[in-house]
Amino acid sequence: MLRNGKKVLDVELVFEYDQAMASAIENLSGGVAAFDAALAFDFDSLSAAELVSAVSTVQSIISRAQRLHFALTSAGARKDAHKAAGLGSMELLVAADSGLSRREAAKHLKLASQLDSAPVLESQMSKPGMSPAKAHVVAKALDDLPPDLTSDVRAVVEADLAEAAPGMLLEQLQRKAKRAVEV
């Protein structure tokens, strides 16, 4: 497809799901309509407290959606989903679907895979204050740990960093992760 004289990927896939997933997708699709309705609302009519509450609710939804997106991406990578989309790589599929550069898509895929083997970090993904950027910091620190560390020590480092991440600024977490790798 051409857009503004440039070739872009236009990927829209429709697949059949098993009954449980079809129900979940149907519920999520209803959420899209709810967002569209909310966007038509006059936000200036809300009080400051109502705005804070609404932002908190939306951020909670975003966090859970990101957690779901990472889980689906990881499963898709394990099953070579890009082939079903007629694309040459998972990076292309993620880039086209998410509006990311191929480099950012590769980082997204790597984090999705890392979350599969980091259960504490994965569980923190839907916590208030957590973000993919913080998850990248924790996952990179886990990758940078010396290879001779036991799995028990790695689990302690993962728990310490992942559980602290939602309550820290990104810069604070980066310093904490650097210290964890150095020690």
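Mentor: Before we look at any residue, keep in mind that buried means a relative accessible area under 20%, exposed means over 50%, and partly exposed covers what lies in between, with a 1.4 Å probe and protein chains only. This is a predicted model, in which local features need pLDDT of at least 70 and side-chain atom pairs count only at pLDDT 80 or more, while totals for chains, interfaces and linings use all residues. Residues are numbered from 1 along each chain as its sequence is written, and side-chain values use heavy atoms, with hydrogens and water left out.

Trainee: Which pattern does the chain follow when it is read along the sequence?

Mentor: Helices (H or I, at least four residues) and strands (E, at least two) are DSSP runs, numbered from the N terminus. The chain has 9 helices and 2 strands. Read along the sequence, these elements give the pattern β-β-α-α-α-α-α-α-α-α-α.

Trainee: What percentage of the residues in the chain is buried?

Mentor: The C-alpha atoms fill a box of roughly 50 × 50 × 40 Å, taken along the principal axes. The chain exposes about 12100 Å², of which carbon and sulfur atoms supply 58%, the areas coming from the Shrake-Rupley method with a 1.4 Å probe, where for residues only the protein chains shown count as cover. Of the 183 residues in the chain, the buried share is 25%.

Trainee: Where does Gln66 lie, and is Gln66 buried or partly exposed?

Mentor: Gln66 is found in helix H2, and although 59 residues separate Gln66 from Met125 in sequence, their C-alpha atoms are 7.7 Å apart in space. Because its relative accessibility is 25%, Gln66 counts as partly exposed.

Trainee: How many salt bridges does a search of the whole structure find?

Mentor: A salt bridge is a side-chain nitrogen of Lys or Arg within 4 Å of a carboxyl oxygen of Asp or Glu. One of them joins the side chains of Glu104 and Lys107 (3.9 Å, N to O), two residues that both lie in helix H5, 3 residues apart, about one turn of the helix. Over the whole structure, the number of salt bridges found is 7.

Trainee: Which residue forms a salt bridge with Arg67?

Mentor: In this pair the closest N and O atoms are 2.8 Å apart. Because Arg67 lies in helix H2 and its partner Glu122 in helix H6, the pair ties together parts that are 55 residues apart in sequence. At 28% relative accessibility Arg67 counts as partly exposed, and so does Glu122 at 24%. The salt-bridge partner of Arg67 is Glu122.

Trainee: Which residue forms a salt bridge with Asp116?

Mentor: The closest N and O atoms of Asp116 and Arg78 are 2.8 Å apart. Asp116 lies in helix H5 (residues 102-116) and Arg78 in helix H2, so the pair ties together parts that are 38 residues apart in sequence. Asp116 is partly exposed, with a relative accessible area of 48%, whereas Arg78 counts as exposed at 56%. The partner of Asp116 is Arg78.

Trainee: With which side chain does the side chain of Ser126 make a polar contact?

Mentor: Ser126 lies in the loop between helix H6 (119-124) and helix H7 (132-144), and at 11% relative accessibility Ser126 counts as buried. A polar contact is a pair of N or O atoms within 3.5 Å; within protein, one must be able to donate a hydrogen and the other to accept it, and residues adjacent in sequence count only if both atoms are side-chain atoms. At 3.0 Å, the side chain that makes this contact with Ser126 belongs to Arg67.

Trainee: Lys134 is buried yet has no salt bridge, so which side chain of opposite charge is nearest?

Mentor: Lys134 lies in helix H7, where its side chain reaches the backbone oxygen of Met168 at 2.4 Å. Leaving aside neighbours within four places in sequence, Lys134 is in contact (heavy atoms within 4.5 Å) with several residues, among them Gly129, Ala165 and Leu173. Lys and Arg count as positive and Asp and Glu as negative, while His and the chain ends are not counted. At 8.3 Å, the nearest side chain of opposite charge is that of Glu171.
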